[in-house]
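Subject: Structure handover

Hello,

Here is the structure I promised to pass on. Please open it first, then read my notes below.

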2 protein chains.
Amino acid sequence: MNGAESLVRTLIANEVDTCFANPGTSEMHFVAALDRVPGIRCVLALFENVATGAADGYARVTRKPAMTLLHCGPGLANGLSNLHNARRARVPIVNIVGDQATYHRPLDPPLTADTEGWAGSVSSWTRVARSAEAVGSDAAEAVQAARSSSTISTLILPSDTSWNEGGVPADHFPITPPSSVASSTVSACARVLRSGEPVALMIGGATLGQRGLEEAHRIAAATGAKLLAPTFNRLIQRGRGRRPIPLLPYLIDNAVATLAGIRHLILVDCLSPVSFFAYPGKPRSLLPPDATVHVLARPEEDGVEALAALAAELSSPALAPLPGSPPPDLASGRITSQAVAQTLAALIPENAIIVDESVSFGFGFYPGTYTAAPHDWLQSCGGSIGDGLPLATGAAIGAPGRRVINLEGDGSAMYTLQSLWTQARESLDVTTVILSNRKYAILEAELIKVGATPGPTALDLFDLQKPTLNWVELAHGQGVEAARAQTLEQLADLLTASNRRNGPFLIELCIA
Amino acid sequence: MNGAESLVRTLIANEVDTCFANPGTSEMHFVAALDRVPGIRCVLALFENVATGAADGYARVTRKPAMTLLHCGPGLANGLSNLHNARRARVPIVNIVGDQATYHRPLDPPLTADTEGWAGSVSSWTRVARSAEAVGSDAAEAVQAARSSSTISTLILPSDTSWNEGGVPADHFPITPPSSVASSTVSACARVLRSGEPVALMIGGATLGQRGLEEAHRIAAATGAKLLAPTFNRLIQRGRGRRPIPLLPYLIDNAVATLAGIRHLILVDCLSPVSFFAYPGKPRSLLPPDATVHVLARPEEDGVEALAALAAELSSPALAPLPGSPPPDLASGRITSQAVAQTLAALIPENAIIVDESVSFGFGFYPGTYTAAPHDWLQSCGGSIGDGLPLATGAAIGAPGRRVINLEGDGSAMYTLQSLWTQARESLDVTTVILSNRKYAILEAELIKVGATPGPTALDLFDLQKPTLNWVELAHGQGVEAARAQTLEQLADLLTASNRRNGPFLIELCIA
């Protein structure tokens with residue numbers, strides 16, 4: 001058995017059964033092994049950042065890692081920005097990256113690059129396989145590290161470690177569960193909550209599922225603490241009948257206003273909030289200067305269990321179930337962020353997955369969809385745009401039978417539009433709503449924020465109108481059905497139609 | 001004056017007048033400065049790898065660097081693979097990459113990443129600006145380094161070094177010309193050429209212009225040396241009336257056969273040839289085991305001058321001008337690589353720029369176009385596919401009035417198809433010929449080469465037919481006129497039509 005085959009067998013033994021692939025020459029023995037050993041579903045992407053972003057989306061909805069298969073050096077580089085996003089979201093991914101044969105690499109052939117350095121910049125676990133014999137245990141360790149810490153592992157596979165004989169498949173390596181929070185930490189947070197001073201409880205990561213939200217709401221109800229989630233999150237379970245949670249606003253002034261007056265911030269499975277960017281003359285911290293930060297559970301700890309323990313220590317009563325409320329009516333009139341949100345709230349189907357990369361136009365979407373049918377809400381967590389279409393693609397692979405609705409800025413969508421082809425190829429139930437304002441609206445706002453008046457050069461750099469992108473043609477060109485909506489009524493009709501059919505659909509919503 | 005304005009003024013003083021941009025929030029003060037200070041043409045790209053590849057194409061035809069403007073962290077990551085290609089081509093580029101404010105970065109906001117590490121992996125000169133006062137001289141040094149060594153410089157610009165007052169524009173910094181080769185080196189190579197043993201003379205880089213080719217041919221004519229260029233090159237001046245030079249074949253067996261029997265290899269402005277990949281059971285070196293490698297001129301030395309000195313030392317007679325030969329007839333019949341080359345040879349307009357990323361189908365293009373009108377031939381030098389459309393875009397910006405013809409595999413084109421939008425926006429005279437075989441044909445060949453029979457998983461990973469990419473729609477969707485050619489006659493008609501009009505045009509040539 002060669003190294004490649006031992007690698008495939010090890011991945012299967014360690015429950016990796018999905019591969020998002022954009023392979024090259026140095027990965028051919030691995031591809032041949034995937035042919036020989038059934039058990040891994042291969043999903044082809046036409047660009048690496050589609051593959052890495054799809055692995056992120058897949059892991060969010062399945063709670064287990066997919067693998068990516070990437071070409072040496074620059075192939076990995078093409079997938080880095082969505083790996084950055086996945087790292088910030090604490091999503092497990094196992095990258096298998098081909099490389100030059102060990103004896104060939106010192107000759108510095110043209111494709112040779114700093115594969116190991118690039119891998120290390122986004123991975124918590126990185127290794128270059130040294131021999132066919134070790135590839136199996138290397139791979140098992142890679143999966144173990146990714147699953148135990150919800151992080152990214154990258155195994156670099158020189159082609160001779162793949163083609164040489166002597167491969168030894170490894171068994172399933174055990175996964176370390178998240179560690180428990182000390183009871184003294186729980187008690188300390190309980191004291192803060194009983195202090196009578198204003199407290200905000202910010203919960204993130206795995207606590208944004210139904211159980212964590214229930215416990216957090218019990219605590220807030222018993223203590224008057226202000227409940228919040230970070231601005232961007234991996235996955236929030238929400239909609240009718242689920243406990244609602246507001247997000248910390250993106251805009252720095254609004255974030256500061258939200259936290260004003262807080263004396264204590266208790267963090268659960270998230271980091272202390274930091275503004276995305278600094279601005280001249282704006283506060284350096286989002287928190288009031290006299291606020292104290294307390295950590296109930298770090299991201300690598302069991303935040304849900306810690307919230308339950310805290311609720312118990314505070315003797316928080318159980319909450320009454322939320323009353324069912326009817327979905328809102330469809331919106332009509334002008335196409336505003338709030339109106340689109342209202343239409344979405346009316347039409348999001350039961351158990352849908354919403355991928356929100358709506359950037360500037362979409363600030364009303366999250367607050368406007370609390371009353372939609374129960375659904376999951378996914379956001380890009382690393383700030384690198386171009387994550388939405390891949391996330392939607394991977395989520396649909398991981399959750400067949402659920403409709404994925406991707407709310408996507410037109411500027412952002414252009415970074416990874418190749419995702420549409422994979423959606424068509426795999427007949428994925430993804431509805432992409434392109435919010436077509438034909439500009440980098442967020443940059444226009446940012447330029448004004450720094451005190452400048454946009455002149456012709458700046459306006460030209462933010463303008464996507466010359467020429468106009470035609471998203472219906474861009475979708476058709478990749479085999480995806482598509483139509484344009486100029487009114488809220490057309491949007492509603494197209495959303496309703498796409499919810500009823502199988503396979504991908506793209507709606508270009510003209511918002512300007 | 002703030003740091004950003006001093007940066008713009010310094011770049012202009014150092015003859016940088018073209019910027020390929022995909023900016024983000026942290027670059028807004030720089031954008032505002034570009035508004036205030038005229039002198040730099042900004043070309044917007046909708047994806048970073050388009051911007052970096054375009055800067056490569058621009059520098060190849062103008063022989064001076066453009067700048068790129070990229071967003072912090074992942075923005076740079078999205079442009080790395082074409083910077084890798086540019087590094088391998090020894091092309092000067094000056095990257096300006098925004099970053100978090102110096103005091104904000106330690107808080108690790110979400111977009112923070114290893115910007116400096118990523119920059120260093122592709123740049124010969126990397127610096128993080130430390131203050132508004134130093135930004136001007138930093139930028140002048142960046143340009144100086146890029147121009148003096150024909151390499152990539154990256155200046156990382158924390159946003160406060162951009163917005164703070166105190167900027168000091170720097171003057172023009174002097175450029176170091178390539179160093180001269182020692183006369184003892186020239187004499188040593190002359191002795192090798194006079195030895196009577198079989199010698200190959202491999203010339204690359206700047207020696208592939210008309211003067212270098214003339215001198216190399218004089219040497220070959222006088223000594224019987226075999227003349228060769230590397231497989232992939234920055235720019236070759238060729239066509240009717242110019243001295244022809246064959247390329248070392250890409251396929252390892254053909255490369256070994258080409259160099260069989262050679263006892264001495266003399267290198268001029270290129271590296272000793274290495275196969276792109278290693279293969280089990282194939283030779284590790286392309287050269288015969290008993291061959292000796294001699295270096296006449298390293299890439300950082302003046303290869304053209306060295307060739308002239310060597311020709312003089314060998315008393316090589318001047319060559320008769322090449323006889324003018326008529327262009328070939330248009331091809332007809334089956335669409336083969338050779339037939340397409342014949343049609344190209346007939347229709348390439350005078351002084352055109354050919355960008356060749358034709359991958360598997362295009363192996364006949366270079367040898368089949370020696371008799372075309374005089375033109376420049378550009379290739380991707382780093383092996384990372386997705387360089388062709390950006391190279392063509394940047395070359396057209398740098399050489400207005402010249403037709404650019406981009407010969408492009410369909411798989412490769414998908415990596416950076418956003419280039420078409422920039423071509424439409426800037427009305428660039430680029431004809432893109434998509435060689436549409438609807439598969440990763442090179443990978444199918446590579447898999448067979450490693451001894452495997454492609455099974456269903458592998459075939460599926462190489463297949464771009466489910467669904468078929470429609471390049472006419474993908475071009476239209478970005479504002480580029482396009483049409484499909486199913487025959488050689490249609491190809492000839494469309495090439496002729498596109499040569500006559502202004503602006504971009506895309507031809508989808510169905511080759512399977």
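Start with the contact between the chains. In this predicted model, 77 residues of chain A are in contact with 77 residues of chain B. Helix 2 of chain A, residues 28-36, gives the largest share of the side of chain A that touches chain B, with 6 residues. Sorted by class, that side of chain A holds 42 nonpolar, 25 polar and 10 charged residues.

Next, how the copies are related. A rotation of 180° superposes chain A on chain B, with 0.0 Å of shift along the axis and an RMSD of 0.0 Å. The two copies are thus related as by a two-fold rotation axis. Of the interface residues of chain A, 100% are also interface residues in chain B, so the copies meet through the same surface.

Now look inside chain A, at one helix pair. Helix 10 of chain A covers residues 210-223, and helix 12 of chain A covers residues 303-313. They pack at an angle of about 30°, and their axes are 9 Å apart. Angles under 35 degrees count as roughly parallel, and helix 10 and helix 12 of chain A are therefore roughly parallel to each other. Helix 10 of chain A passes helix 12 of chain A in a left-handed crossing.

Which residues meet there? On helix 10 of chain A they are R211(A), G212(A), E215(A), A216(A), R218(A) and I219(A). On helix 12 of chain A they are G303(A), V304(A), L307(A), A308(A), L310(A) and A311(A). The residues of this contact divide into 7 nonpolar, 2 polar and 3 charged.

Best wishes

Key
Residues are numbered from 1 along each chain as its sequence is written. Chains are lettered from A and ligands numbered from 1 in the order in which they are written. This is a predicted model: local features need pLDDT of at least 70, side-chain atom pairs count only at pLDDT 80 or more; totals for chains, interfaces and linings use all residues. Copies are superposed by least squares on the C-alpha atoms of residues with pLDDT of at least 70 in both. Two residues are in contact if their C-beta atoms, placed from the backbone, lie within 7 Å. Axes are lines fitted to C-alpha atoms, for helices over the stretch in contact, and angles run from 0 to 180 degrees between N-to-C directions. Helices (H or I, at least four residues) and strands (E, at least two) are DSSP runs, numbered from the N terminus. Angles under 35 degrees count as roughly parallel, over 145 as roughly antiparallel, 65 to 115 as roughly perpendicular and the rest as oblique. A crossing is left-handed if the near helix is turned anticlockwise from the far one by less than a right angle, and right-handed if clockwise. Ala, Val, Leu, Ile, Met, Phe, Trp, Tyr, Cys and Pro count as nonpolar, Asp, Glu, Lys and Arg as charged, and the others, Gly among them, as polar.
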